[in-house]
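Subject: The structure we talked about

Hi,

Here is the structure I promised to pass on. Have a look at it first, and then read on for what turned up in it.

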Amino acid sequence: MFNPFFSNQGPFKIRDIIELLSASSSTNNLDAEVIDIKNLSSANKSCITFFHSKKYKTLAKNTKASFCISTDNLKDQISDNCIVLIVENVLVAVAKVTKIFYPDSVDDEFDNSVLLISKTEFKDSVIYGHNVLVGQNVKIGKNCIIGHNTIIEKNVVIEDNCTIGSNTLIRNTLIKNNVSILDNCIIGKKGFGFFPNNISNYRYPHIGMVIINEFAEIGCGSTIDRGSMSNTIIGKNTYLDNQIHIAHNVQIGNNTIVAGQVGIAGSTIIGDNVKIGGQAGISGHLKIGNNVEIGGGSGVIKNIPDNSKVMGYPAKNIRKFLKDNR
Amino acid sequence: MFNPFFSNQGPFKIRDIIELLSASSSTNNLDAEVIDIKNLSSANKSCITFFHSKKYKTLAKNTKASFCISTDNLKDQISDNCIVLIVENVLVAVAKVTKIFYPDSVDDEFDNSVLLISKTEFKDSVIYGHNVLVGQNVKIGKNCIIGHNTIIEKNVVIEDNCTIGSNTLIRNTLIKNNVSILDNCIIGKKGFGFFPNNISNYRYPHIGMVIINEFAEIGCGSTIDRGSMSNTIIGKNTYLDNQIHIAHNVQIGNNTIVAGQVGIAGSTIIGDNVKIGGQAGISGHLKIGNNVEIGGGSGVIKNIPDNSKVMGYPAKNIRKFLKDNR
Amino acid sequence: MFNPFFSNQGPFKIRDIIELLSASSSTNNLDAEVIDIKNLSSANKSCITFFHSKKYKTLAKNTKASFCISTDNLKDQISDNCIVLIVENVLVAVAKVTKIFYPDSVDDEFDNSVLLISKTEFKDSVIYGHNVLVGQNVKIGKNCIIGHNTIIEKNVVIEDNCTIGSNTLIRNTLIKNNVSILDNCIIGKKGFGFFPNNISNYRYPHIGMVIINEFAEIGCGSTIDRGSMSNTIIGKNTYLDNQIHIAHNVQIGNNTIVAGQVGIAGSTIIGDNVKIGGQAGISGHLKIGNNVEIGGGSGVIKNIPDNSKVMGYPAKNIRKFLKDNR
């Protein structure tokens, strides 16, 4: 994953990672170093990866990572070139390791580095309202407009010809040319990902960002959370209406239309030219094909192939839904 | 439609409109002028109108407009006194013509004309919080209260005894006496209306406004979009709870109660004394009668006659819903 | 109910209450005084209480209050030691009496007493952003962080190690140690409780507060309304995702997880270790047990016992839901 925003504190020695996780491992090479933690398919031999579900066994057999966090049950399905660190809970372990690589990615405290835009390099190049704040490591292109009380926190890139409304807050986000973000949005906060724990939940790091592609529009009062280990992506010329919630790691294709109050849960992937009616909800980790139409109020709980029209809760073929409910 | 806010750039010559639309027409009177674009029933002989669906054929037969944008299929159903401009896509054509009459109505860039209220004529007549901004062409009556960080953009009328909360943004809106608008609302932005186009969607002009009538209350975090060719209207003493979304052209009657997180899609008309339960959704272009009760979570996809009680998705008679689901 | 925030204007003479309500009563002791209005179980002999539904007849028989507002139908089921004031509509009468005891609890006008935090006692003890406002009767503990444009109105206690985001507004709320409240929230406004009336609805007083317990997290764009006659409570280590609406008097237990866009209607009580999926809605006055799982999109309209898994609208056993919809 391309990630310009969270600085990597690695490398770390395997000895230290084993100790952090109270892991068991057969390796003698405790002084070996890893420079990053990545998923099974994107990790290279300088990385540590993780394998927590049989679903990914083909990827595990072929990973190029030198080290892999996994369980006793799964350890035999991992590439022979990869040394396994055995733990009880893989995802908690991944959270701990990601946190040492990317310590800034866990909390979302407000950005104390912001200045009034009139005191920054953007004071002459941007048209802006009252009380606009801009943080460190921000780029803003040509012909951009930013409304009143809007806060562009650190780690934001806004390309050319973009319009940002009033009362909006953006962090950890890459906004391409000609995007409109309307009023009262929160873009780029950490996702709702954590491991439950009865005294205080254990938060999962979110080192991803939000990417909003060309000509997209985001309606008022919407929230788009940044990704955990990947990015949250809104496609080109995709329009979101008001009060929409897009969870972490969601990817929406191009020319897609999402009506008011829709919610899309984490890691779901949505195709191009999709139409989603108002108040529809889509569960996490699903794949919605291209040219799909989802009726208003639907609850989608399984994958939808290309060119389908669905409606209902759970969503089914729209003709069947209307016939069943005549 | 009474519209005090968007200035009309007309008249325009029919010659220029035909050219803009690449329309075909049998008229020889290319120098004729039209002063406005209105719908079939409200247009007079100085106007151009439009007819895009058989549903409106009775209105088309009786329109008083001198010119009408329509299609080859529909042209024979239009009043004999009205000259037809034939196009392929009526609504795209209407968008183009409306945009030349009302060029300000397409974009919703923040209002750069606002001043701190302490620098305006309202500094002594309004009770206001910190950082309140007020734009051009705003009127505020007696005994009004406006909370912190609230922005009253241009083209807003607030009558007497109104309370506006904090962090709220209002534009293109007429607020009658004794209305309360709570915190974090966005009132009067353009609706989610556009014609899909694969490079960049073609936005529909929104020349309507929002009208909020006497004693109404709008809950926190709600969004009410202004109308496109008509107004969005909230009735007298009608109460909206938090996080409600009211789309463009919706009309809600008097003494109606709308619970939290309800969404009402574009152009739906809702009667008086209606009760709508939490999270209910109502599709667009429907008519909900007087004294209707809609159960929480319902999805309403067809018209509901007066005095009905409905629940379910799709919504049906509430007794039937409860019996079917016993 | 422990209530540090709304000052009680009592005592009041029974004579004045009878007159206010146009009540009828057999008492001769018109000079007797009552110091507060409380519900049947918490009222003591210095209080007036109320009894409006047979459901509470056991409590009515045992109340310690000296006076009770009720109806002619119900009067014989009230404790013999308690003098009844007979009215037509008990709840309207309660609203009127509560309003004279707690006149500040009806309106939610913005707090005009706030100052920039840099002008308060908290300027050195809190880490804060731009344009942070703090009202009267506020306490903020050690190691707290408050983001940009956030307003802490009067009557708020924030204990130690709390993080409040940007653009958030808090009033009438008690926040315990180690709580996080993210951006754009409205916490502690009056609930959506009123008695419909065709000229102008009659608002119910809200003298309760919001209590958010240790290690809880409240997501972006959420609204939590304060209680009317009791408090709205979020349990320890309970996490709420974005765009959630919690109505007045709701109580949520500990270690509960609530996903995005969920709505919980007034006076519902939710147990510990509950998981609620995205966009689920829960009707008012229900009891959801411990360890319950509620699927995304569900509409819960009846009580749910401990350890149940439910889904659907109306919600039923999740296995049955999935089987019925295969």
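In what order do the 10 strands of the open sheet in chain B stand? Reading across, you get β7-β9-β12-β15-β18-β23-β26-β29-β32-β35, and the pairing is mixed. At the edges of this chain B sheet are β7 (115-116) and β35 (299-300); each has a single partner strand, so one side of each has no neighbour in the sheet. Before we go further, keep in mind that this is a predicted model.

A quick bit of background: the strands of a sheet pair through backbone hydrogen bonds, and they can do so parallel or antiparallel.

Strand β15 (residues 169-170) and strand β18 (residues 186-189) of chain B run parallel and are joined by two bridges.

Now over to chain C. This chain has an open sheet of 10 strands too, in the order β7-β9-β12-β15-β18-β23-β26-β29-β32-β35, again with mixed pairing. What stands at the edges of the chain C sheet? That would be β7 (115-116) and β35 (299-300) of chain C, and because each has a single partner strand, one side of each is left without a neighbour.

Here are some pairs to trace in chain C:

- β15 (residues 169-170) pairs with β18 (residues 186-189) in the parallel sense over two bridges, and C:Leu169 has C:Ile186 in β18(C) as its bridge partner.
- β18(C) also pairs with β23 (residues 223-225) of chain C, in the parallel sense over three bridges; there, C:Ile187 is opposite C:Ile224.
- β32 (residues 281-282) of chain C pairs with β35(C), parallel, over two bridges, with C:Gly281 and C:Gly299 as bridge partners.

How many residues of domain 1 of chain A are in contact with domain 2 of chain A? Six are, and they meet six residues of domain 2. On the domain 1 side, that gives three nonpolar, two polar and one charged.

Last, see where chain A meets chain C: 31 residues of chain A are in contact with 35 residues of chain C. The chain A side of that contact has 13 nonpolar, 16 polar and two charged residues.

Note on methods
Residues numbered from 1 in each chain as written. Chains lettered and ligands numbered in written order. Predicted model: local features only at pLDDT ≥ 70, side-chain atom pairs only at ≥ 80, totals over all residues. Pairing = 2+ DSSP bridges. Helix = DSSP H or I, 4+ residues; strand = E, 2+ residues; numbered from the N terminus. Contact = placed C-beta atoms within 7 Å. Nonpolar A, V, L, I, M, F, W, Y, C, P; charged D, E, K, R; others polar.
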